[in-house]
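Trainee: Could you take me through one spot in this model at close range, and then show me how the rest of the chain is arranged around it?

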Amino acid sequence: MKCRRCGKQAEIELRSHHTAFCRDCFKLYFLRQVKRAIKEQHMFSPRERILVAVSGGKDSLTLWHILLELGYNASGLFVDLKIGGFSEHAREKVEKFAQKRDAKLIIVDLEKEGIPIPKVVKKTGKEPCAICGQVKRYFFNRIAYEQKFHILATGHNLDDETSRLLANLLRWQMSYLVDQGPVLPPAYRLVKKVKPLYRLTEYEIAAYAFINNIDYFAGKCPFSKGATFLRYKHYINQIEYEFPGTKLDFYQGFLKKMKPFLTPFQREETTSSQVCPRCGYPTLAPLCGICRLKEEIEKAG
Ligand SMILES: [Zn+2]
Ligand SMILES: [Zn+2]
């Protein structure tokens with residue numbers, strides 16, 4: 001197979017686009033997809049300070065790598081979940097990555113916060129992926145706001161977005177659907193959130209990371225085994241395999257044709273008086289979810 005752009009031997013086949021590229025042309029294609037996402041969705045400008053939520057995996061480190069390469073002012077934020085045999089390896093990759101590029105890295109240590117994930121799961125019996133997501137979201141939002149970043153960027157890819165969209169559509173989760181999209185506007189004490197890799201698949205990101213020698217952590221979280229979000233990913237990939245191009249069409253179609261109708265389902269915005277008295281995080285409850293969780297863990301001893 002020949003590269004569609006230059007005619008040389010192709011190395012990466014993209015069935016969804018009915019095309020194939022050599023290494024150099026694939027890099028160009030990939031960067032163009034990211035730039036297009038940033039521009040079309042009005043994500044950020046070169047002057048804005050960006051905080052990239054990094055896990056140590058291929059998606060977030062590729063995103064950080066590209067933003068730095070494109071000259072953006074991008075710092076990293078890593079939440080050390082303290083999951084044994086997992087978090088320490090991920091942290092090491094992130095620290096090395098930042099060191100090599102002389103980039104600013106912020107680390108939140110959940111042990112110091114009193115809520116390491118394994119302890120929370122053990123004491124509360126809560127579903128690990130749900131609680132982990134809630135804790136990470138809290139620190140991403142809080143640090144981005146407190147340290148005056150303009151933008152919070154995450155490495156969500158097309159597979160993440162479409163599998164979540166499918167799951168939410170199957171249950172008509174209107175309040176979740178309204179929040180789906182590559183850009184979430186800022187709200188009270190919450191900075192704007194963006195997903196610059198939303199047009200790219202997991203496969204494309206893995207290929208890009210490999211070609212660019214991005215040293216990421218490929219380990220899987222021991223808690224995620226059999227998680228439902230992974231099953232939805234599997235189903236959407238099965239559809240994509242039979243009908244190449246469906247994933248991108250599905251997502252773009254949602255953004256263009258359905259999202260505009262979802263405004264009535266938007267939640268009420270919190271006002272200035274509605275913040276957690278302990279940590280200042282916006283909440284409608286007397287204490288925010290994380291401060292409540294901390295209290296619960298303390299009581300359990
Ligand atoms: Zn080429
Ligand atoms: Zn709080």
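Where is the place of Thr62?

Mentor: Happy to! Thr62 sits in helix 2, residues 58-69. Helices here are DSSP runs of H or I with at least four residues, strands are E runs of at least two, and both are numbered from the N terminus. Before going on, please note that this is a predicted model, in which local features need pLDDT of at least 70, side-chain atom pairs count only at pLDDT 80 or more, and totals for chains, interfaces and linings use all residues. Residues are numbered from 1 along each chain as its sequence is written, while chains are lettered from A and ligands numbered from 1 in the order in which they are written.

Back to Thr62: it has 24 C-beta neighbours inside 10 Å and therefore counts as buried. The cut-offs are 20 or more other C-beta atoms within 10 Å for buried, 12 or fewer for exposed, and partly exposed in between, with C-beta atoms placed from the backbone. Apart from neighbours within four places in sequence, Thr62 is in contact with Gly155, Ile205, Tyr208, Ala209 and Ile214; contact means that the C-beta atoms, placed from the backbone, lie within 7 Å.

Now for the whole chain. Among its contacts between residues at least 6 apart in sequence, 68% join residues at least 24 apart. Buried residues make up 34% of the 301 residues, and the secondary structure comes to 12 helices and 8 strands. The C-alpha trace spans about 65 × 45 × 40 Å along its principal axes.

The chain is divided into domain 1 (42-260) and domain 2 (268-301), with bounds from an automatic or database domain assignment. Their centres, taken over C-alpha atoms, are separated by 23 Å. Domain 1 gives 14 residues to the contact and domain 2 gives 15. On the domain 1 side, the elements giving two or more residues are helix 5 and helix 6 (128-146).

Finally, look at helix 5 (residues 117-124) beside helix 12 (residues 289-300): their axes come within 10 Å and cross at roughly 70°. Axes are lines fitted to C-alpha atoms, for helices over the stretch in contact, and angles run from 0 to 180 degrees between N-to-C directions. Lys119, Val120, Lys123 and Thr124 of helix 5 make the contact with Leu293, Glu296, Ile297 and Ala300 of helix 12.

Conventions. Contact = placed C-beta atoms within 7 Å.
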